[in-house]
Amino acid sequence: MAQSKDRESNRFSARMGRYAKVGTNMSGIAAKFAGARLFGMNLDNAKNAAELAEALGGLKGPLMKVAQLLSTIPDALPPEYTTELAKLQASAPPMGWAFVKRRMRAELGADWQGRFAEFGREPAAAASLGQVHRATAHDGRVLACKLQYPDMASAVEADLKQLQMLFSLHRRMSPAIDTREIAKEISARVREELDYTREAAHIAVYQEILTDYDNVRVPSVVDELSTRRLLTMGWLTGKPLLDYKEHSQEDRNHLAKTMFHAWWHPFSHFGVIHGDPHLGNYTVFEQEGQPAGINLLDYGCIRVFPDSFVEGVVDLYRGLLEEDNDRVVSAYERWGFKNLKKEVVEVLNIWARFIYGPLLSDRVRSIADGVSAAEYGRKEAFKVHSALKQLGPVTVPQEFVFMDRAAIGLGGVFLHLRAQLNFYQLFNEQIDAFEAATVRRRQDDVLQAAGLRGASHAA
């Protein structure tokens with residue numbers, strides 16, 4: 001037992017040792033880039049990416065989550081790098097029972113086990129920065145206890161330093177996109193995920209936003225069993241979304257329509273998005289043996305936007321729909337793009353028409369014909385990358401990062417479900433009678449009620 005205890009206690013120092021190795025490898029790759037640039041040589045990106053992935057592979061945890069986010073942003077990193085990084089496992093190894101007991105004692109005190117009727121020794125699921133245990137309250141409620149891994153704050157800061165090194169390498173390669181604002185946004189959101197008190201407030205926001213929509217279930221928080229590093233919620237029973245891939249078109253359309261509402265309604269009415277819509281964050285609940293709706297499970301990565309950004313999203317849509325170029329340019333500027341030359345606007349429109357494409361035609365259709373979920377957005381990203389290479393680096397505004405990520409993630413879900421919907425109709429229902437001032441008022445009310453900051457700040 002003592003040996004096991006020591007091994008677990010030393011995980012963090014072992015991790016830091018691996019960082020030293022990564023730093024050496026990163027420095028070697030940096031030297032290659034510098035030399036290649038100086039002497040006009042070409043580099044084998046695929047080979048270097050494989051070397052980097054090998055060096056990073058033992059780290060897991062936050063950096064791998066970041067790598068998955070980056071894979072959806074055109075030219076944030078060379079494509080060879082995002083392909084390799086996306087293969088890496090995003091979760092850290094689970095904590096053993098001895099370690100869980102010490103962590104729970106630190107959060108709830110010496111008598112923590114007495115506060116539950118039952119507490120599962122084995123984790124029921126992995127979270128990006130911790131693990132989930134199934135438990136039972138004394139009143140019979142089934143609970144999900146999300147317990148953060150130890151030393152995560154230090155691990156996140158170390159991972160973010162590695163991210164800065166990746167971006168620094170990329171800036172030496174004449175990139176199409178300046179990644180400084182992207183790095184700032186990712187760092188802010190990943191740091192926020194450490195605070196489970198904040199995540200509990202996010203849950204309160206979503207409970208209020210979706211209170212009248214029975215097809216989406218939001219967990220309840222058990223405040224007396226929650227801390228900054230432990231989040232205890234009601235357990236939501238459901239099955240993985242992919243279990244329904246072979247169900248009827250009607251079932252699949254129902255789930256996709258529910259997902260559309262769960263994502264676009266908070267954004268268009270409150271300026272709030274769920275920034276990480278991957279398959280693991282949703283399960284399907286059934287009624288009478290039929291898929292009835294979606295359980296929304298994870299609230300660590302929630303992004304709150306100023307109403308001006310939401311207005312820009314609506315204006316860009318209407319500008320593309322009506323071929324009003326002045327409105328399109330105004331929308332980009334409201335988002336924070338600067339010094340927009342005509343040629344740059346045309347390139348940004350490639351990406352915009354891809355994201356908005358399904359919303360622009362008033363007919364039943366798939367989100368993208370003949371494209372796999374894994375390839376969704378890749379071709380368009382390559383076009384944008386190639387065109388911007390000729391025009392010089394474009395700085396992507398900070399707020400754009402998770403909006404873009406979420407749109408790609410949501411599209412991937414629709415592709416998995418092979419949904420056939422009138423996306424134009426669904427979207428126009430959400431922006432009907434849109435007014436920025438109304439979004440700002442709603443957002444202020446819901447954030448204030450949850451104990452979060454006001455609309456002029458990112459939550």
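**Entry 1: cavities**

I searched the whole structure, which is a predicted model, and found 6 cavities of 30 Å³ or more. I then turned to the second largest cavity, which holds about 130 Å³ of space. Rolling a probe the size of a water molecule over the atoms shows where empty space is left.

Which residues line the second largest cavity? I listed Phe260, Trp264, Ile355, Pro358, Leu359, Ile367, Tyr376, Ala407, Leu410, Gly411 and Phe414. The elements that give two or more residues to this lining are α10 (249-270), α13 (342-360) and α15 (400-417). Of the elements, α15 gives the most, with 4 residues.

I next examined strand β3, which covers residues 130-136. I noted that 5 of its 7 residues are buried, so the strand is largely enclosed by the rest of the structure.

With which strands does β3 pair?

- Strand β1 (residues 118-119) pairs with β3 in the antiparallel sense over 2 bridges. Here phenylalanine 119 has alanine 135 of β3 as its bridge partner.
- Strand β2 (residues 125-126) runs antiparallel to β3 and is joined to it by 2 bridges. Alanine 125 stands opposite valine 132 in β3. β2 and β3 form a hairpin, with 3 residues between them.
- Strand β4 (residues 142-148) pairs with β3 in the antiparallel sense over 7 bridges. Arginine 134 stands opposite alanine 144 in β4. The hairpin of β3 and β4 has 5 residues between the strands, and in it glycine 140 takes a positive phi near 95°.

**Entry 2: helix α9**

I then looked up helix α9, residues 196-209. This helix has 14 residues and reaches 20 Å from its first C-alpha to its last, close to the 20 Å expected at 1.5 Å a residue.

The buried residues are Tyr196, Arg198, Glu199, Ala200, Ala201, His202, Ile203, Val205, Tyr206 and Ile209.

Finally, I checked the N-terminal end of α9, which is capped by aspartate 195. A side-chain oxygen of aspartate 195 lies 3.0 Å from the backbone nitrogen of threonine 197.

How values were computed:
Residues numbered from 1 in each chain as written. Predicted model: local features only at pLDDT ≥ 70, side-chain atom pairs only at ≥ 80, totals over all residues. Heavy atoms only, no water. 1 Å grid on protein atoms, 1.4 Å probe; cavity = no way out; pocket = protein on both sides within 12 Å on 5 of 7 lines; lining within 4 Å. Points joined across faces, edges and corners; volume = space filled by probe spheres on them. Buried < 20%, exposed > 50% of the residue type's maximum accessible area, 1.4 Å probe, protein only. Pairing = 2+ DSSP bridges. Expected span 1.5 Å × (residues − 1). Polar contact = N/O pair within 3.5 Å; in protein donor to acceptor, adjacent residues only side chain to side chain.
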